[in-house]
Amino acid sequence: MSSKVMKVPHTYVILFALIVVAAIGSYIIPAGEFDRAKDPNSGRTVVVPGTFHKVEQNPLSFFDTFISVQKGSIDAADVVFFVFFVYASFFIVLQTGALHSFIGWLLRVLKGKEIILIPVFMYVFALGGSVFGMYEETFGFIPLFVGLSIAMGYDALVGMSMVSMAVAMGFAAAFMNPFTVGVAQKVAELPLFSGMTFRIIVWFTFVTMAVVYTLVYALKVKKDPSKSILAGMDMGALALDHDELVQKKFSVRDKVILLWVVIIIGLLIWGVIVKGWYFDELAGLFIIMGVFAGFMAGWGPSKIAKTFLDGCKDIVFGALVVGLSRGILIVMRESKIIDTIINAMAQPLSYLPKWLAAEGMLVVQTLINFFIPSGSGQAATTMPIMAPLSDLLGITRQTAVLAFQFGDGFSNILWPTTALPVICSIAKVPIDKWWKYFVPFFGWLLLAQAIFMAIAVAINLQ
């Protein structure tokens with residue numbers, strides 16, 4: 001007797017199914033909304049707490065459900081094109097071979113000790129996620145680290161962890177991320193980046209947890225490749241050969257190109273922290289990086305343009321996922337049910353004892369991240385509600401910010417409505433394989449988050 005193994009549907013099918021569920025919800029969930037006003041502290045439009053009211057039901061028609069795919073893609077255009085430009089620019093750098101030469105040099109230097117690269121790069125990416133909100137900017141690194149991990153005898157999941165899990169941990173447990181901690185503290189009327197000592201301890205704990213989890217899995221796969229969750233999968237062009245990398249000469253030209261990339265990343269950090277740069281400026285910076293890296297490699301304008309286009313082709317699946325997932329938000333926004341959902345989640349917290357309410361905030365923020373995957377967007381929507389609620393419960397506003405920070409960040413590599421499908425498509429890893437790898441670890445992350453929330457309440461975190 002044969003049995004068929006149930007396969008996880010295509011990512012596009014999952015996301016469109018969620019659009020359909022949201023459209024059905026527009027007939028069932030009562031429509032309602034909060035009043036909104038400009039917050040003088042953050043300069044952002046935020047909800048006004050205590051103003052939730054019901055409005056006329058506005059269910060979406062069958063045709064509107066399909067229109068939401070187009071509307072979502074337009075609404076997320078800044079992110080969609082940013083993904084294209086960042087990945088394509090890094091693709092040019094990758095095609096010059098400079099990064100491969102650098103990796104080959106590292107493998108020669110660390111012969112027999114290559115595993116040290118896992119914690120080193122994970123702490124570096126996590127630091128970027130914490131200090132200047134690095135996240136989408138890492139997309140271009142994913143193919144290289146997937147190839148590196150395969151060349152070292154591991155698998156693509158290890159490569160994904162070295163980049164994406166690391167930066168997600170740093171982003172979620174950040175001590176000075178301007179796009180999450182910064183916005184949330186401004187809305188909550190707290191001193192900018194206050195509570196940093198506590199957050200540095202939090203950051204180190206979560207990043208170290210991710211490093212240990214990745215190392216344990218990597219060693220298991222190295223010892224027995226059949227234990228890999230991706231065993232038997234053909235990784236195609238992403239699979240780099242260890243011997244070829246080791247034999248690759250690290251030329252002066254390669255060093256110049258890498259120095260150029262380091263300079264650009266330095267400019268990026270300065271621009272984000274000092275000048276407040278965001279997608280538009282960063283996209284322009286990455287395009288400059290890619291174009292000039294091509295010239296440094298001795299290429300002509302036409303070859304640079306063709307390589308850029310090849311990079312765009314490579315990331316089409318991931319970029320379009322962003323627009324499709326935004327369609328879910330469009331449906332809920334147009335049918336005016338998103339505020340109803342948020343209000344229904346937040347209201348019961350006011351009846352709980354403060355220690356339990358703090359844990360409840362964490363759960364609520366994690367669930368809300370499914371519906372509002374933008375960190376700054378979630379801060380502007382939820383913090384005006386959670387900050388005064390924390391006052392009523394006797395919980396410090398800093399603790400409420402911590403709950404938002406955790407809830408927004410850690411689930412960024414769990415929910416299919418976030419950038420996760422983009423990351424998986426770049427790494428050529430099916431999303432169900434990632435879930436099989438990550439979900440057990442997410443359980444440990446939730447436990448650690450709950451412990452830190454309890455500590456924050458106990459010490460009256462300021």
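Trainee: What is the volume of the second largest pocket in this predicted model?

Mentor: About 530 Å³ of space lies in the second largest pocket.

Trainee: What makes a residue part of its lining, and which residues lie nearest the centre?

Mentor: A lining residue has an atom within 4 Å of a point of the pocket. In the second largest pocket 22 residues line the space, and Phe 121, Val 124, Phe 125, Phe 141 and Ile 265 lie nearest its centre.

Trainee: Which helices each supply at least two residues of that lining?

Mentor: They are H4 (98-109), H5 (117-131), H6 (142-151) and H11 (252-275). H5 gives the most, with 7 residues.

Trainee: How do you know how many of these lining residues are nonpolar, polar or charged?

Mentor: Phe, Val and Ile count as nonpolar, whereas Asp, Glu, Lys and Arg count as charged. Sorted that way, the lining of the second largest pocket has 21 nonpolar residues, 1 polar and no charged.

Trainee: Now the largest pocket: how much space lies in it, and which residues are closest to its centre?

Mentor: About 1200 Å³ of space lies there. Of its 46 lining residues, Arg 326, Ile 372, Pro 373, Ser 374 and Gly 377 are the closest to the centre.

Trainee: Which elements give two or more residues to that lining?

Mentor: Among them are strands E1 (32-33) and E3 (45-47), along with helices H3 (77-96) and H17 (375-393). H14 gives the most, with 7 residues.

Technical notes:
Residues numbered from 1 in each chain as written. Predicted model: local features only at pLDDT ≥ 70, side-chain atom pairs only at ≥ 80, totals over all residues. Heavy atoms only, no water. 1 Å grid on protein atoms, 1.4 Å probe; cavity = no way out; pocket = protein on both sides within 12 Å on 5 of 7 lines; lining within 4 Å. Points joined across faces, edges and corners; volume = space filled by probe spheres on them. Helix = DSSP H or I, 4+ residues; strand = E, 2+ residues; numbered from the N terminus.
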